[in-house]
Each structure stands twice: as structure tokens, then as C-alpha cells.
Amino acid sequence: MKTAANARAENTTFYRRLLHRAAAVDDGNILRVAFFALLIGTASVLYVDFRELTESEGSALAMPMQPILPPYDPEGPSEGARPNITTSPQVLEQPLEIALGTGGQLTLTGSIELGSATRFADEIAARGEYVQTVVLDSPGGSVVDALAIGSLIHEKGLGTKVAAGSLCASSCPIIFASGATRIASPEAAIGVHQIYAAALSGDPQSALRVAGAAMSDAQTTTAEIISHLTKTGVDPALWLHALETPPDRLYYFTAEEMTRLKLVTQLADN
């Protein structure tokens, strides 16, 4: 019987082949290649994760898990080693704090929860004339809120920044990718992984029904992410790295990858 680990390994090989093929495709077709690869990959990885969950006693697929701070996995995909994160885990695990600092910098620190986008929009409405750059230090969280925050940043033409020692993981890179200017330190930890759901106690038959809805939602969300990345000028192939990375790990982008995928417009040391 094929194990979930073997299935993930096969998926990883498949995605890497797609990445190599996509690199050879002309610019007019690369978005279509990436889009369909992402949709196929989303369904397959969610199925593997769901099978693992339902094989556990009394498990079910349900609400998004709390953001996690995965370690670098030397046996996983060939991601870059995680730079040193100086922000404490306790700060990162707290609900998103939005604070206006000096020099037109609005800092977003902590986990992106449901409703974070509304609080961000309220802050921009109240003091947006002072904001030039959104500075990120977050392990991610709600993808829906990250997309909404990113869309507002793009609409307002604001810049984004991730400083040395800071973390921008999971859904946070969606926000970072939204900046008119996107500045990151080579010593910033920027990483992605699969969209995922939590294992909670419940009836496996109910879990199956929820899993079907989760797959549909994940595919819709993936399409929205691809559309958003394309609109902001970031190479949508970036999100292939998210799909091939299990939810308890992170794919950390190297400085070279961030430049090649147009995730950054400038690398800065501070």
C-alpha cells in the first residue's frame, strides 16, 4: 500500500518536473502551465493529507490550524536554509499587531487571524496618508485575510518590506508580494507551504464531506493567489513551491530565488 510519505515524494518529483518544463515555456504560456499544475497539485496534496487525518483515530478535516514555525528540513525539498529569526516565537504567535512607526512604516507583527484584514483596512482608512511601507514579521495564518490585505496594499501603491531576522511565512508572502516596491534582506526568512486544515475529533463520514468542500475551497483560493501574484508582477511559479511542501515544513526562498521569481524588487541588508 502506498504511504502518504511516498505519495508526497511522488508529488514532489512531479512538481519539480513541471518547474523545469515551465522554465522552458515562453512567457505567454507560463501562467497557464502554472495555473493548471497548481489546481491538480492542490487536489492531490489535500487528498493525501485527508487520508492521513482519517487514518488517525477520530480525526476530521476542519478549520485552519494555528500558524506554525516549522524547522528547515534537510531531507525535504531543496529549499534554502532558514536564516536566523530574531523575533521571539511568543510574539509571532500573538494575534496580528498593527502599529504605525516612524518614516511612514506600518508594522504588521504576529499571526494573521480571521478579521485581520478588516483591522488593517480600518487603520489605512484612519491614517493611511502617513503610510508608505508595510513592514512584515509574521508566521502567516488566514489566507483569505492575507489576500485582502495584499489587495489593499496593491490598490494603494504601498511598498512592503521584510527585515533581517524577521519571518514572513505561509500566507504572509502573499502580502509581501503585493507591494509596489518589495524590499527584503537576504537574512530575512521568507517561506511557503501547502494550504492545510486541522485534525479535530469527529465522525470520519462527516470528515469526508468536509474534505470535499476543503478541496474545492483550496482550488478556488489557489486560483485567487495565482491571479493576485500575476497582477502584482510576481512570477506565479513561486506558488509551486508551496504546493510541494508539506504543511509542517516551510520552503525558504534564497536571495537568488527571490530575485529570479520577482518576489523582491530590491535586496537590502537592513
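Is Ser138 buried or exposed? At 2% relative accessibility, Ser138 counts as buried, where buried means under 20% relative accessible area, exposed over 50% and partly exposed in between, with a 1.4 Å probe and protein chains only. The model is a predicted one, in which local features need pLDDT of at least 70 and side-chain atom pairs count only at pLDDT 80 or more, while totals for chains, interfaces and linings use all residues. Residues are numbered from 1 along each chain as its sequence is written, and side-chain values use heavy atoms, with hydrogens and water left out.

Of the 270 residues, 50% are buried. Among contacts with a separation of 6 or more, 73% join residues 24 or more positions apart, a contact being heavy atoms within 4.5 Å.

Back to Ser138, which sits in the loop between β3 (133-137) and α5 (143-156). A polar atom of the Ser138 side chain lies 2.7 Å from the backbone oxygen of Gly110. Beyond its neighbours within four places in sequence, Ser138 is in contact with several residues, including Leu92, Ser111, Leu167 and Ala169.

Leaving out residues up to four places away in sequence, Ala169 touches Ser138, Pro139, Gly140, Gly191 and Leu250. The C-alpha atoms of Ala169 and Ile190 are 5.5 Å apart, although 21 residues separate the two along the chain.

Strand β5 is part of an open sheet of 3 strands, ordered β5-β7-β8 with mixed pairing. Strands β5 (167-169) and β8 (251-252) stand at the edges with a single partner strand each, so one side of each has no neighbour in the sheet. Two strands pair if DSSP finds at least two bridges between them. Strand β7 (residues 189-192) and β8 run antiparallel and are joined by 2 bridges; Val192 has Tyr251 of β8 as its bridge partner. Strands of a sheet pair through backbone hydrogen bonds, either parallel or antiparallel.

What about the interior? The largest nonpolar core has 44 residues, and Phe120 and Ile190 touch the most other members. Such a core is a set of buried Ala, Val, Leu, Ile, Met, Phe, Trp, Tyr and Cys residues joined through side-chain atoms within 4.5 Å. Several elements each supply at least two residues, among them β2 (105-109), α4 (116-127) and α7 (204-232), and α5 gives the most, with 6 residues. A second, separate core of 7 residues includes Ile85, Leu92, Leu167 and Ala169. Phe120, for its part, touches Ile98, Leu106, Leu108, Val134, Ile149, Leu152 and Ile153, not counting residues up to four places away in sequence.

At 1.5 Å a residue, the 14 residues of α5 should span 20 Å, which agrees with the 20 Å between its end C-alpha atoms; the expected span is 1.5 Å times one less than the number of residues. Just after α5, Gly157 takes a positive phi of about 70°.

Note on methods
Helices (H or I, at least four residues) and strands (E, at least two) are DSSP runs, numbered from the N terminus. A polar contact is a pair of N or O atoms within 3.5 Å; within protein, one must be able to donate a hydrogen and the other to accept it, and residues adjacent in sequence count only if both atoms are side-chain atoms.
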